[in-house]
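Subject: Structure for your review

Dear colleague,

Please find the structure below, together with its sequence.

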Amino acid sequence: MNRIFNVRLLIVFALTAILAIANTACKDDDSAIGTGIMPNSDMMEFKCDTLGIQTFAVRDTHVETQNRTVNPIGIINDEFFGQTTSSCAFQVLPSSNNVQFSQEIDTADLSNVKLTLQLKYDEIYGSAESSSLKLNVNRLLTDISYDSTYYDDTHFDASQYELLESTDITASSDSLIKVEMPHSLVESIVRKNVEQTSWSNEDFVKFFKGIYLTTELNSGDGCLYALNLISSKSKMVLTYKDTCTFDFIIGEYAAKINLYSHDYTNADSELKAAIDNPEQPSKYCYIQGLAGLKTKIKFPELTNLFDSTNIIINKAQLKVTIKEGSQSDKLPSPKAMSMTKILSSGLFDFLEDYKSNSKYFGGQFDDSDNSYTFNIPLHLQSLQLGEPDNGIYMVANDNRIVPYRAMLYGGAHEDYSVKILVYYSKY
């Protein structure tokens with residue numbers, strides 16, 4: 001049966017593509033798609049209809065957070081989405097394996113040696129000017145690994161780290177956060193180097209397992225700093241003899257983990273109700289980055305739309321629009337969104353529409369009417385041919401590293417319910 005279904009599906013997809021090309025190319029209605037030479041009994045019937053959908057608010061869980069290109073830190077309060085907290089952990093590695101500090105530093109007097117943590121950030125989300133954050137720089141007491149997989153529910157117990165330094169942070173003209181490390185750490189690093197016969201990455205991370213950054217909100221609504229730990233400016237710098245330095249780098253090959261948490265206590269009442277009732281169709285589509293929220297979409301009306309199995313879906317367009325007045329000047333709307341279908345196994349896969357033509361699939365933000373449009377005829381065709389409707393997830397692109405957020409009209413909204421415009425042929 002599966003083989004028959006797949007063959008039929010391929011035939012329908014091919015017919016859909018041919019009809020789409022023909023529709024574009026033909027200008028004379030009498031000759032469109034060869035109708036002028038078709039017997040009356042073989043004529044295709046072309047229709048257009050709308051299809052209602054169901055939307056559900058779903059927590060975005062099991063999100064991989066290791067070795068990302070952006071590492072957000074901070075706390076921010078949002079009037080619709082509540083409070084988001086982001087922290088990160090990472091290794092620092094010696095920039096040279098052969099350094100011997102005893103040859104250049106008087107280990108008997110380390111009073112003029114200092115260690116500075118530098119963190120480059122590329123962007124700030126929120127109200128940095130009107131908010132105050134405290135940054136806690138902690139030393140990891142547990143191993144992290146570049147080759148391990150970490151998810152959004154990763155956390156460190158109090159026994160797995162110790163505080164090194166705390167400081168208030170503000171935006172700077174050079175986009176650098178600088179923290180002077182305690183002198184006790186300077187002494188331990190220098191003296192450990194003297195004991196070592198080598199100074200490899202493996203040797204160093206056994207001694208200094210890494211750094212764990214957390215924040216506290218002092219005042220204001222808060223903000224998030226998008227750290228760029230791959231930047232050459234993100235490092236720990238050991239300075240001696242006033243001008244001589246040695247760098248402990250982070251870079252591409254150091255382990256990095258993002259850790260996120262969301263508190264919806266003070267979120268919008270509609271959002272809280274949707275989260276508390278994930279099986280209840282919601283009025284709105286909720287999209288939130290950093291392992292926040294995603295929207296599940298199902299198509300219960302599909303089976304009632306067609307009175308025949310001999311259907312070719314030529315075009316199916318889903319358009320979702322941001323709720324008026326819900327956009328924020330603190331956190332951006334997604335620049336683009338994606339969809340993945342939920343497989344019967346519980347795993348996910350990109351829609352056939354995306355895999356066949358990602359540009360035509362759509363999902364880009366249209367600022368003329370604050371909307372996103374998706375073309376999904378192949379997915380609906382699969383459902384129409386009998387594939388189970390396990391639902392699809394709509395998520396923001398880069399949802400693992402950017403705090404995007406959007407509140408869009410959903411399938412159960414009383415005035416602006418989302419529908420799909422479907423063009424199909426009966427034969």
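A salt bridge is a side-chain nitrogen of Lys or Arg within 4 Å of a carboxyl oxygen of Asp or Glu. Please bear in mind that this is a predicted model.

Salt bridges

Side chains of opposite charge can pair when their charged atoms come close. The structure contains 13 salt bridges. One of them joins the side chains of K120 and D122, with a distance of 3.4 Å from N to O. This distance is within the 4 Å limit, and therefore the pair qualifies as a salt bridge. D122, by contrast, is exposed, with a relative accessible area of 51%.

A second salt bridge is formed by K209 and D143, whose closest N and O atoms are 2.8 Å apart. This pair links distant parts of the chain, as the two residues are 66 residues apart. K209 lies in the loop between α3 (201-207) and β10 (211-219), and D143 lies in the loop between β7 (132-140) and β8 (161-169). D143 counts as exposed, at 56% relative accessibility.

K355 and D349 also form a salt bridge, and here the closest N and O atoms are 3.0 Å apart. Both residues are partly exposed: K355 has a relative accessible area of 44%, and D349 is at 27%.

The largest nonpolar core has 46 residues. Those with the most contacts inside this core are F299, M339, I376, L380 and I420. Strand β17 (residues 311-321) gives the most to the core, contributing five residues. Another core, of 45 residues, lies apart from the largest one and has V92, L110, I177 and F207 among its members.

Which residues does F299 touch, leaving aside those up to four places away in sequence? Its contacts include L51, I53, D389 and I392, as well as I376 and I420. Helix α8 spans residues 377-384, and eight of its eight residues are buried. Just after α8, G386 takes a positive phi of about 120°.

Yours sincerely,
A colleague

Terms used. Residues are numbered from 1 along each chain as its sequence is written. This is a predicted model: local features need pLDDT of at least 70, side-chain atom pairs count only at pLDDT 80 or more; totals for chains, interfaces and linings use all residues. Side-chain values use heavy atoms; hydrogens and water are left out. Buried means under 20% relative accessible area, exposed over 50%, partly exposed in between (1.4 Å probe, protein chains only). Helices (H or I, at least four residues) and strands (E, at least two) are DSSP runs, numbered from the N terminus. A nonpolar core is a set of buried Ala, Val, Leu, Ile, Met, Phe, Trp, Tyr and Cys residues joined through side-chain atoms within 4.5 Å. Contact means heavy atoms within 4.5 Å.
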